[in-house]
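Trainee: I have a model open and a list of things to ask. Can we go through it together?

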Amino acid sequence: MENNFKMIAKCLYEFEDELAKELRELGAMDIQKGVRHVSFVGDLGFMYKANLSLRTAISILKPIFSFKIYNEDDFYKKLNAFAWENLIDKNGTFAVESTVNSEIFTHSRYVVFRTKDAIVDRFRDKFESRPNIDTDRPDCQVSVHIDRENCEISLNTSGDPLFKRGYKTATNIAPINEVLAAGLLLKSGWSGQCDFLDPMCGSGTILIEAAMIACNIPPNINREHFAFQKWEDFDEDLFEIIKDSTLKKVKSFEFEIKGYDKAPSAVEKATQNIENANLSDFIKVERQDFFETFKTSGRHLHMVFNPPYGVRLDVDIPKFYSKIGDTLKQNYPGTSAWFIVADLEAIKHVGLRPSRKIKLYNAKLESRLLNYQIYEGSKKAAKK
């Protein structure tokens, strides 16, 4: 127990439940849900495992100290008094990130600058040299979270956000964030127990995340780097043991995962990304216009997709979403169809009643995740 410490996993709005469930299944202790984050307790090995295995986490923070602030001077003094030389080498590099909800500070960038000043000034006072700023791959990434008068300082154990999985080299015009894609799949109840289709697959993100869930592949296994790998206490042997143990839990998949897109360039990009993720054996991508397709088997089908929403792609919203509804109703019996909609007016044009409607955000756009249960024959007959 003495080697355990508190950590905070940050997530997208409304995905706290999914993240808490993931942490429970991984074996985290003292799980507490907050807004856009979940705190938990674990040891060094668990910190490695969380970074490798959490699908809905954006980053994993390790809190190092906290204090109250009542003015700008207070903030600077308390940061300057901390023994940063125990964490950052005087010839090393660091970076600062911040989230701010405060009347004292109104700009998160200003908080970043003042934090840098406080750290650098301490080194200047104590040593002849000072660490440099490196925003790409620093030795130490400091995270500042200010909520009113409460200030918590953490180390970002992840480095680059965890949606940078390491498999996506090709993207289309409106790519979906990998963490959001995984979250949509988990909210939809996808666990790999039937066939899967993304009928508008773009660069293949949803397909890849679906295959990883189905096969229990750790989502960040393809990443080249985590911030903790540059820390002095990094235990490479332990990290390799953790990595091997997560890979031993990978399982086979008995069903079909398929993606359609009508753009040849999207099919090409999806194929490339699937190859990068070493999932070509599990996913098939075809050039198809969804509106001209039919369900290809009599088995139950799980469908999750991110249709164009008119912000970055030019579509006739009423006509497009009406065709989605018609295609599902006429061509896809025995399907549970889920898709995310950023244009809330578009929902009216689908022409089907959603069985679930979940409020989410896609980037900064308020969205809905919709579920349509398409029954074999009539709904009434399906219930008999």
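**Contacts, sheet and cavity**

Mentor: Start with L61, which touches M7, I8, K10, E97, S143, S154, L155, N156 and T157 once its neighbours within four places in sequence are set aside. Keep in mind that this is a predicted model.

Trainee: Is L61 buried or exposed?
Mentor: L61 sits in strand β4, residues 57–68. Its relative accessibility is 7%. The cut-off for buried is under 20%, so L61 counts as buried.

Trainee: How far apart in space are L61 and G334, C-alpha to C-alpha?
Mentor: In sequence, 273 residues separate L61 and G334. In space, the C-alpha to C-alpha distance between L61 and G334 is 43 Å.

Trainee: Which strands stand at the edges of the open sheet?
Mentor: The sheet has 7 strands with mixed pairing, in the order β11-β10-β9-β12-β13-β15-β14. An edge strand here has a single partner, so one side is left without a neighbour in the sheet. Neighbouring strands are turned by 20° against each other on average, direction ignored. The edge strands are β11 (283–287) and β14 (356–362).

Trainee: Which residue in β13 stands opposite F305?
Mentor: Strand β12 covers residues 301–305, and β13 covers residues 335–341. The two run parallel and are joined by 5 bridges. Opposite F305 stands F339.

Trainee: At about what angle does helix α5 run to β14?
Mentor: Helix α5, residues 178–187, lies across β9, β12, β13, β14 and β15. Angles run from 0 to 180 degrees between N-to-C directions. For α5 and β14 the angle is about 170°.

Trainee: And which strands does helix α6 touch?
Mentor: Helix α6, residues 205–215, packs on the sheet. Its direction makes about 175° with that of β10. The strands touched by α6 are β9, β10, β11 and β12.

Trainee: What is the bridge partner of K357 in β15?
Mentor: β14 and β15 run antiparallel, with 7 bridges between them. Their hairpin has 2 residues between the strands, and A363 takes a positive phi near 60° there. The partner of K357 is L370.

Trainee: Where is R36, which has a positive phi although it is not a glycine?
Mentor: The phi of R36 is about 60°. Its place is in the loop between β2 (29–33) and β3 (37–42).

Trainee: How does N216 count by relative accessibility?
Mentor: N216 also has a positive phi of about 60° without being a glycine. It lies in the loop between α6 and α7 (236–247). At 32% relative accessibility, N216 counts as partly exposed.

Trainee: Which strand gives the most to the lining of the largest cavity?
Mentor: The structure holds 1 cavity of 30 Å³ or more. The largest cavity holds about 110 Å³ of space. Its lining includes D195, F196, L197, K258 and Y260. β9 and β10 each supply at least two lining residues, but the most, 3 residues, comes from β9.

Technical notes: Residues are numbered from 1 along each chain as its sequence is written. This is a predicted model: local features need pLDDT of at least 70, side-chain atom pairs count only at pLDDT 80 or more; totals for chains, interfaces and linings use all residues. Side-chain values use heavy atoms; hydrogens and water are left out. Two strands pair if DSSP finds at least two bridges between them. Helices (H or I, at least four residues) and strands (E, at least two) are DSSP runs, numbered from the N terminus. Contact means heavy atoms within 4.5 Å. Buried means under 20% relative accessible area, exposed over 50%, partly exposed in between (1.4 Å probe, protein chains only). On a 1 Å grid over the protein atoms alone, a cavity is a set of points where a 1.4 Å probe fits but cannot get out, and a pocket is an open set with protein on both sides within 12 Å along at least five of seven lines; lining residues have an atom within 4 Å of a point. Grid points are joined across faces, edges and corners, and a volume is the space filled by probe spheres set on the points.
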